[in-house]
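Here is a short briefing for a first look at this protein. Keep the sequence and the model side by side as you read.

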Amino acid sequence: MVTAACTATTATTDAPSEMTAAEGEALYMKRFNALRDKTGATGLPAYDNLKPVAGAEDWKPLPKSEDPYAVVSKDALDAAIDYASKNNTFSLMVWKDGEMISETYFGETTETTPLVSKSLAKPLGVVAVGRAIKLGYIDSLDQSMSDFITEWKGTPKEAIRIRDVLGMHSGLLPQAAAFEPDNVLNRAYLHPFHDRVIIEDYPMVTEPGETYAYSNANGDLVAPLIERATGMRYGEWLTTAIFEPLGAQGGEIWMNRDGGVPHAGCCILLPADTFMRLAIVLVQDGEWKDEAFLSEAFVEEIKKPGPDYANAGMGVYLGTPYKERLSPTGAKDAFSGTLQTEPYLADDLFSFDGNSNQIAYMVPSENLVIFRMGTWPPKEPEWDNSYLANVILKDLQD
């Protein structure tokens with residue numbers, strides 16, 4: 001367990017942030033108690049150390065279609081917008097063949113409003129790794145994590161590959177409910193040295209590469225991986241390697257402490273437009289404006305199902321085989337997960353799918369992205385994960 005006096009090390013020349021073990025534990029307990037008594041359970045109060053992460057200086061909206069109803073009928077778009085409006089949506093975007101077909105914001109949200117990503121941060125982390133591979137900082141998805149997390153050298157965790165972390169097959173303890181302050185799941189989420197908790201204390205419970213087990217710890221390992229591989233802070237890497245080349249907006253990132261390490265597995269605040277650009281890159285096999293932003297081979301790899309869960313790739317979920325309910329945890333019972341009343345009308349559909357039903361449907365065969373960001377839909381009627389995708393796909397196919 002992390003108990004020694006701590007001095008943060010950085011990947012740049014930033015001055016270190018010093019915090020004693022006692023100060024770290026006191027801040028952890030403050031966060032834990034706020035979560036437990038609900039004062040910091042949801043939304044911004046839970047992220048008590050947000051720092052700016054820069055985007056492109058010359059951001060411009062994505063090109064808009066001059067005749068959107070020639071692409072998707074008004075009836076289909078109206079049905080999608082109406083469904084979104086009834087389900088606590090902040091933003092609904094439809095993109096096809098290089099142009100925005102529809103872009104709707106609800107309430108006070110605008111095209112520049114930073115929105116809490118929740119687990120949409122995880123596919124962003126996958127893209128961050130893909131860029132590090134593309135630019136030569138990481139050899140491949142099959143490289144051992146211990147080449148960068150050197151504390152794992154000579155331990156059973158040396159067998160964990162980068163692909164195992166991105167695909168939730170690392171063998172690390174899965175996510176679960178935890179109510180005690182000394183539980184490693186809480187410490188790995190809220191501790192001001194959460195990265196050290198994950199690296200030093202987080203248990204491996206199965207062999208790597210064999211069992212699907214969803215956890216925030218896997219997502220949060222991306223930040224120290226990137227920082228050690230590139231020599232840059234994670235937020236700086238997002239800016240220079242992703243946001244600037246894509247002409248995307250930045251926002252705010254959740255830091256574990258001043259001068260510390262950000263959370264890569266949850267909660268970065270970015271406008272919906274930024275996540276849309278990530279989805280466009282993936283639906284186009286890694287291309288952005290006719291240039292290879294990611295390698296096509298990398299995009300194909302992250303869309304392949306890993307062992308033990310046929311609907312999960314790396315940071316994305318696969319629309320086939322059809323399941324009436326799909327859970328990010330990989331739960332196999334008939335009652336867990338998000339309802340999907342019918343199969344998707346495109347076999348190649350894959351998605352980002354984060355907490356609160358924040359979902360980007362990507363359909364390469366149609367060069368189509370449909371993206372919804374928002375908070376939890378009402379419990380009744382239950383959210384149907386197939387509706388938005390199929391109301392647009394049916395129209396395109398008629």
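The protein chain carries 33 positive and 58 negative charges, and their mean positions lie 4 Å apart. The model is a predicted one.

**Overall build**

- The protein chain has 12 helices and 16 strands.
- Its radius of gyration is 20 Å, close to the 21 Å that the globule rule gives for 398 residues, so the chain is as compact as a globular protein of that length.
- The C-alpha trace spans about 65 × 45 × 40 Å along its principal axes.
- Contacts between residues 24 or more positions apart make up 67% of the contacts with a separation of 6 or more.

**Surface and interior**

- Of the 398 residues, 56% count as buried.
- The accessible surface of the protein chain is about 16,300 Å².
- Carbon and sulfur atoms hold 52% of that surface.

**Nonpolar cores**

- In soluble globular proteins, nonpolar side chains tend to be buried together.
- Here the largest nonpolar core has 81 residues.
- Which members of this core touch the most others? They are L238 and I242.
- Helix α10 (residues 272-283) gives the largest share of this core, with nine residues.
- A second, separate core holds 25 residues, among them V72, L77, A84 and L396.
- What does I242 contact, leaving aside its neighbours within four places in sequence? Its partners are L124, V127, A128, R131, W237, L278 and F293.

**S119, a loop residue**

- S119 sits in the loop between β6 (115-116) and α3 (121-134).
- Is S119 buried or exposed? Its relative accessibility is 13%, so S119 counts as buried, the cut-off being under 20%.
- Neighbours within four places in sequence aside, S119 is in contact with Y214, N216, G265, G354 and N355.

**Cis peptide bonds**

- T320 and P321 are joined by a cis peptide bond, with omega at about 5°.
- P321 belongs to the loop between β11 (317-318) and β12 (325-326).
- E380 and P381 are also joined by a cis peptide bond, with omega at about -10°.
- Where is P381 found? P381 is in the loop between β16 (368-374) and α12 (387-397).

- K289 has phi near 55°, a positive value in a residue other than glycine.
- K289 lies in the loop between β9 (287-288) and β10 (291-292).
- With a relative accessible area of 69%, K289 is exposed, because the cut-off for exposed is over 50%.
- D290 has phi near 65°, again a positive value in a residue other than glycine.
- D290 is in the loop between β9 and β10.
- D290 counts as exposed, at 70% relative accessibility.

**To recap**

- L238 and I242 touch the most other members of the largest nonpolar core.
- S119 is a buried residue, whereas K289 is exposed and D290 is exposed too.

Methods: Residues numbered from 1 in each chain as written. Predicted model: local features only at pLDDT ≥ 70, side-chain atom pairs only at ≥ 80, totals over all residues. Heavy atoms only, no water. Helix = DSSP H or I, 4+ residues; strand = E, 2+ residues; numbered from the N terminus. Rg over C-alpha atoms; globule rule 2.2 N^0.38 Å. Buried < 20%, exposed > 50% of the residue type's maximum accessible area, 1.4 Å probe, protein only. Contact = heavy atoms within 4.5 Å. Areas by Shrake-Rupley, 256 points an atom, 1.4 Å probe, with all protein chains shown as cover. Lys, Arg positive; Asp, Glu negative; His and termini not counted. Charge placed at Lys NZ, Arg CZ, Asp CG, Glu CD. Core = buried A, V, L, I, M, F, W, Y, C linked by side-chain atoms within 4.5 Å.
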